[in-house]
Amino acid sequence: MNSFTFSVSISYQSFLNHYSGAASTVVVVTDNGLRLQLPASRFRPFLSQIGVKGRFRVEVNAQNKIENIYQIN
């Protein structure tokens with residue numbers, strides 16, 4: 001299983017646009033410079049009044065399917 005770490009900073013209103021279907025994915029750049037396209041819905045558990053902000057780790061299996069996303073701080 002591979003894991004990647006990255007930072008996210010999405011305002012509450014921007015996230016609602018993503019989640020409502022205006023844009024269903026979030027593109028992030030990992031600490032190693034790799035671009036990942038992730039479903040916006042996977043960030044819903046991390047949504048607060050200020051949006052989605054922080055450092056995250058995503059774990060993917062051998063088929064590059066998301067297994068878990070964790071907020072690490």
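Is Asn 64 buried or exposed? Asn 64 is exposed, with a relative accessible area of 56%. Here buried means under 20% relative accessible area, exposed over 50%, and partly exposed in between, with a 1.4 Å probe and protein chains only. Asn 64 lies in the loop between S4 and strand S5 (66-71). Asn 64 is not a glycine, yet its phi is positive, about 60°.

Some ground rules. This is a predicted model, in which local features need pLDDT of at least 70 and side-chain atom pairs count only at pLDDT 80 or more, while totals for chains, interfaces and linings use all residues. Residues are numbered from 1 along each chain as its sequence is written, and side-chain values use heavy atoms, with hydrogens and water left out.

Now the overall layout. The protein chain has 1 helix and 5 strands, and from the N terminus the order is β-α-β-β-β-β. Helices (H or I, at least four residues) and strands (E, at least two) are DSSP runs, numbered from the N terminus. The radius of gyration is 12 Å, close to the 11 Å that the globule rule gives for 73 residues, so the protein chain is as compact as a globular protein of that length. That radius is taken over C-alpha atoms, and the rule is 2.2 Å times the number of residues to the power 0.38. The C-alpha trace spans about 35 × 25 × 20 Å along its principal axes. Of the 73 residues, 27% are buried.

What does Val 58 touch, not counting residues up to four places away in sequence? Its partners are Asn 2, Ser 3, Phe 4, Phe 6, Leu 36, Ile 66, Asn 68 and Ile 69. Contact means heavy atoms within 4.5 Å.

Thr 30 is found between S2 and S3, and Thr 30 is buried, with a relative accessible area of 5%. Leaving out residues up to four places away in sequence, Thr 30 touches Phe 4, Thr 5, Phe 6 and Leu 36.
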